[in-house]
Amino acid sequence: MNRIVSKEYFSEKVAKIVVEAPLIARSRRPGHFVIVRCGDKGERIPLTIADADTERGTITLVVQAVGPSTTKITALEPGEYLTDVVGPLGQATHIEHYGTVVCCGGGVGVAPLLPIIKAMKAAGNRVISVLAGRTKELIILEDEVRKHSDEVVIMTDDGSYGTKGLVTNGVEAVINREKVDFCVTIGPAIMMKFVALLTKKYEVPTICSLNTIMVDGTGMCGACRVTVDGKTRFVCVEGPEFDAHKVDFDQMLMRLRAYK
Amino acid sequence: MNDNDNSRTAAWREELRRAIPAKERTSRPRVKMPELTPEYRVAHRREEVNQGLTLEMAMTEATRCLDCPNPQCVTGCPVAIDIPGFVKNIERGNIAEAARVLKTTSALPAVCGRVCPQEKQCESHCIRLKMKSEPVAIGYLERFAADYARDNDLESEPDRLPDNGRRIAVVGSGPAGLSFAGQMVKYGYRVTVFEALQEIGGVLKYGIPEFRLPNSIVEAEIDSLKAQGVEMVTDCIIGKTLTYDDLHREGFEGIFVGSGAGLPRFMDIPGENLNGIMSSNEYLTRINLMGAGTEGYDTPVLMGRNVAVIGGGNTAMDSVRTAKRMGAERVMLVYRRSEAEMPARLEEVKHAKEEGIEFFTLHNPVEYLGDEQGNVTTMRVQRMELGEPDASGRRSPVPVEGDIRDVPVDMVIVSVGVSPNPLVPRSIEGLEVSRRNTIVVDENTMQSNIADLYAGGDIVRGGATVILAMGDGRRAAIAMHQALSQK
């Protein structure tokens, strides 16, 4: 268990790793995350599961090297082991037939979005996926997303690929064009904040998946707390998905800086 | 003479009683626990404050016990340990037998000797108190017997029934789970303990700091269970990684849930989500389990200079004393009642004061203020006074109108209690839980409304002590064994 089966770089700092975790592969659902630790002195960090293969007994994680832990994880080679992989954690995504669903992801947020895209499509929704990144290299998993979407919109900040503009420009164009019944957004907190503001304006129900600071990930520490609809909630056991229109993103952004 | 007869009428005990006149026994002062000096210990975070009694000190202290015909201390012990039985064995110098007596009732005497609130339990019933003297130091003696037996290889292999091949699952590896596992393995079952975290021990590891309970003590108990054949699986969450049904498919015939009190409570006051404000669970887990603050470990921890800890329990004491050891200049304990109502062990309060912790009793935070970056800078506290007794029998604190002041802080640790972890109860369909999310069990058998599922410790009680959790584990094991034996 915990052996790295394969690794593929999407860009210099973003790697897709496939990890042997048969029990988690079997029980995980879209929206779930795992807690991973690398090395006996490593920290526990949450990573949302991007995919799973129950036959091979593996789960797929997409990791962006931003801090010491994610750098250690992306440096692991196939055949090496993660010290701990625990899960699946959190509440699974609520999937139903809404009609037309816009799934918008930014950066590595596209990875956890992929299983939701698949499930929304399988539930009979018309799925329009909006993928965004600063530049062409940061658009990931495009082919897999295309396979399960009715339409894919690509947005880059610099216009190096797809349409030049932010994720919100892409989503707004879709909303202006046709009736959208539901929206799912996963990406950096600042991106989700602006997607939420936009879809609120158009009254499109929206869920977001929050990646807050966690220690145990099982409800014990409360480091992940966020304010949703005026109440303190624990992302690890009550989330990670919440009604995006009710999340206090400014507080969440502030809390993400706690150890910086 | 039967060496294993530890009853009061055993010849050796009668002889012992005659050896020293009662008057001589009552004139001896209570032993003082050798401890590290406050100056030294605040600079040596991992070193245990209490150094333990020497053999001589322990044997002398044991002579202070009058070997009462009707020992009340036993009634004060939640698991009714044969206290005179082990104390008198210490007095005659048979430490191995003293340790064996303890082990027949308590799975973890070295732990309980350190963390039980003896002054509220066994020692509060000691006859010596009625004689206007200090009680026998039962906790120190318990710790001594367990440590001495372990360090000198005097621990006897517990009697075990032959392997019956039947599999039992334990959810959680804290005091309840370990106590249950220890008892079931003695009955001959094949026991597997499933732990969500990367280390076995539960609150004994992530919660209680090493200056109060060294990890080596907990490890020794875990190793002993492993040597007896208990299998330990880390990183596995029952209800998530494996479901209750999976356990049945794997052939487990009985399941004991001791998953503990997970969710930290907050006070729901303005500013409580500012950076620098955290639960005691978070603070202690970062340091105790994750190694934060120790060279080479990746997990970060905030290093507060002016630290306030909210609460008056043992976890609050652990937090103030840890903060002091982490280098804080000013550490304040803020508690809304007076010192007399504090639930913490007396010894922890004493140690905290010696270490320079400022006690803000009869104070309650009402709001936190922060800077532009969202870091806490100020704690607004309300002075309280004691009013009428509440449901718990303690006088309830009421605000003193208008008496509010601001105290500068850069870190606040909230230690006002925990709620049961909902992870396991929620994942088992049909399991009866209370409004407070605790698992409902028969209080004698610890059996839930699902016939093969038993539970104990904080997941049943909401928030209790190590000894009560261990008692639950033991009672559940006895009842489960009885039920399975009839199948």
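Predicted model: local features only at pLDDT ≥ 70, side-chain atom pairs only at ≥ 80, totals over all residues.
Q: Which kind of pair do Phe234(A) and Phe266(B) form?
A: Phe234(A) and Phe266(B) form an edge-to-face pair, with 85° between the planes and 6.4 Å from centre to centre.

Q: And where do those two sit?
A: The pair crosses between chains, since Phe234(A) belongs to strand E14 (residues 231-234) of chain A, while Phe266(B) is in the loop between strand E5 (263-264) and strand E6 (277-279) of chain B.

Q: Are they buried or exposed?
A: Phe234(A) is buried, and Phe266(B) is buried as well.

Q: What about Phe144(B) and Tyr148(B), how are their rings arranged?
A: Their pair is tilted, with the centres 5.2 Å apart and 35° between the planes. Both residues lie in helix H10 (residues 138-151) of chain B, 4 residues apart, which is about one turn of the helix.

Q: Why does Phe144(B) count as buried?
A: Phe144(B) counts as buried because its relative accessibility is 5%, and buried means under 20%. Tyr148(B), by contrast, counts as partly exposed at 26% relative accessibility.

Q: Switching to charges over rings, what sits over Trp12(B)?
A: The charged end of Arg92(B) sits over the ring of Trp12(B), at 3.7 Å from its centre. In chain B there is also Arg30(B), which lies over the face of Tyr140(B) at 5.4 Å from the ring centre.

Q: OK, salt bridges: how many over all chains?
A: A search of the whole structure finds 63 salt bridges over all chains. One of them joins the side chains of Glu151(A) and Arg177(A), at 2.9 Å from N to O.

Q: Which parts of the chain does that one link?
A: It links distant parts of the chain, 26 residues apart, with Glu151(A) in strand E9 (residues 151-156) and Arg177(A) in helix H5 (residues 167-177), both of chain A. Glu151(A) is partly exposed, with a relative accessible area of 24%, and Arg177(A) is partly exposed at 46%.

Q: And in chain B, what does Arg41(B) pair with?
A: Arg41(B) forms a salt bridge with Glu35(B), where the closest N and O atoms are 3.9 Å apart. Arg41(B) is buried, with a relative accessible area of 0%, whereas Glu35(B) is partly exposed at 28%. Both belong to a network of salt bridges whose members include Arg212(B), Asp318(B) and Glu355(B).

Notes: Residues numbered from 1 in each chain as written. Chains lettered and ligands numbered in written order. Heavy atoms only, no water. Phe/Tyr/Trp six-rings, centres within 6.5 Å; stacked < 30°, edge-to-face > 60°. Buried < 20%, exposed > 50% of the residue type's maximum accessible area, 1.4 Å probe, protein only. Lys NZ or Arg CZ within 6 Å of the ring centre and 35° of its normal. Salt bridge = Lys/Arg side-chain N within 4 Å of Asp/Glu carboxyl O.
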